[in-house]
Amino acid sequence: MADTSTWLISAGGIGQADLGAESIADALSPMFTLTDRCEGLEYFEASESTPVGFGVISHPGEAGVSGVSIRVPGELALSGCVATSPLTKSGIGLGSTLDELTAAEPTGTFDTATETPDYVVVAGTRWIVFEVPEAEPFVRGITVTDTLPATGFCS
């Protein structure tokens, strides 16, 4: 659990933060702690002893966690891969370029119904949603979710 770069992003969740779990707090402890709740989301920030450059967001629902997101905070500039980022089986993580993403996940499509077009990949009965802002062609956020559109991020 200590090396977030070994976490896998899959249809089941991100690392040990599983969709359907009652809570992901125990799965993230002690590396991340709950620091904020906003619009029905729970934001987990990395502890000072393990700075990883991203936060984890839980999307709690009546039937357990319906989505798990990782996201680089908006105030941090991206210029390439985040070394501590979890990866998909195809090697995509935070800081991957849009070109790398579309080459690695060619079955994905852009969801133009969102404010920033997200790149969405079907993963069984779930979706993996990649946030790639137009102004910065790097993956800033990744969500594994039971529902579309994916719930937003805490700012």
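Modeller: Helices (H or I, at least four residues) and strands (E, at least two) are DSSP runs, numbered from the N terminus. Two strands pair if DSSP finds at least two bridges between them. Strand 1 (residues 8–10) and strand 2 (residues 13–14) run antiparallel and are joined by two bridges. Within this pair, Ser10 has Gly13 of strand 2 as its bridge partner. Please note that this is a predicted model: local features need pLDDT of at least 70, side-chain atom pairs count only at pLDDT 80 or more, and totals for chains, interfaces and linings use all residues. Residues are numbered from 1 along each chain as its sequence is written, and side-chain values use heavy atoms, with hydrogens and water left out.

Colleague: In what order do the four strands of the open sheet stand?

Modeller: As a general idea, strands of a sheet pair through backbone hydrogen bonds, either parallel or antiparallel. Here the order is 3-2-1-8, and the pairing is mixed. Strand 3 (17–18) and strand 8 (87–88) are at the edges with a single partner strand each, so one side of each lacks a neighbour in the sheet.

Colleague: Where is Gly15 found, and is Gly15 buried or partly exposed?

Modeller: Gly15 belongs to the loop between strand 2 and strand 3. Burial is read from relative accessible area: buried means under 20%, exposed over 50%, and partly exposed in between (1.4 Å probe, protein chains only). Gly15 has a value of 26% and is therefore partly exposed. A contact means heavy atoms within 4.5 Å; not counting residues up to four places away in sequence, Gly15 touches Trp7 and Leu8.

Colleague: Which strands pair with strand 10?

Modeller: Strand 9 (residues 109–111) runs antiparallel to strand 10, with three bridges between them, and Phe110 stands opposite Tyr119 there. Five bridges join strand 10 to strand 11, again antiparallel, and Val122 stands opposite Trp127 of strand 11. Strands 10 and 11 form a hairpin with two residues between them, and Gly124 in the turn has a positive phi of about 70 degrees. Five of the six residues of strand 10 are buried, so the strand is largely enclosed by the rest of the structure.

Colleague: How many salt bridges does the structure hold?

Modeller: Side chains of opposite charge can pair when their charged atoms come close. A salt bridge is a side-chain nitrogen of Lys or Arg within 4 Å of a carboxyl oxygen of Asp or Glu. The structure holds three. In one of them, Glu131 pairs with Arg71, the closest N and O atoms being 2.9 Å apart. Glu131 lies in strand 11 and Arg71 in strand 7, so the pair ties together parts that are 60 residues apart in sequence. Glu131 is buried at 11% relative accessibility, and Arg71 is buried at 15%. Asp146 and Arg126 form another, with closest N and O atoms 2.5 Å apart. Glu136 and Arg140 meet in a salt bridge of 2.8 Å, N to O, and both residues are buried.

Colleague: Which side chain is joined to that of Ser69 by a polar contact?

Modeller: A polar contact is a pair of N or O atoms within 3.5 Å; within protein, one must be able to donate a hydrogen and the other to accept it, and residues adjacent in sequence count only if both atoms are side-chain atoms. The side chain of Ser69 is joined to that of Thr143 by such a contact of 2.6 Å. Ser69 is in strand 7 (residues 64–71) and counts as buried, at 0% relative accessibility.

Colleague: Where does the cis peptide bond lie?

Modeller: The cis bond joins Ser29 and Pro30, with omega about 5 degrees. Pro30 lies in the loop between helix 1 (25–28) and strand 4 (32–38).
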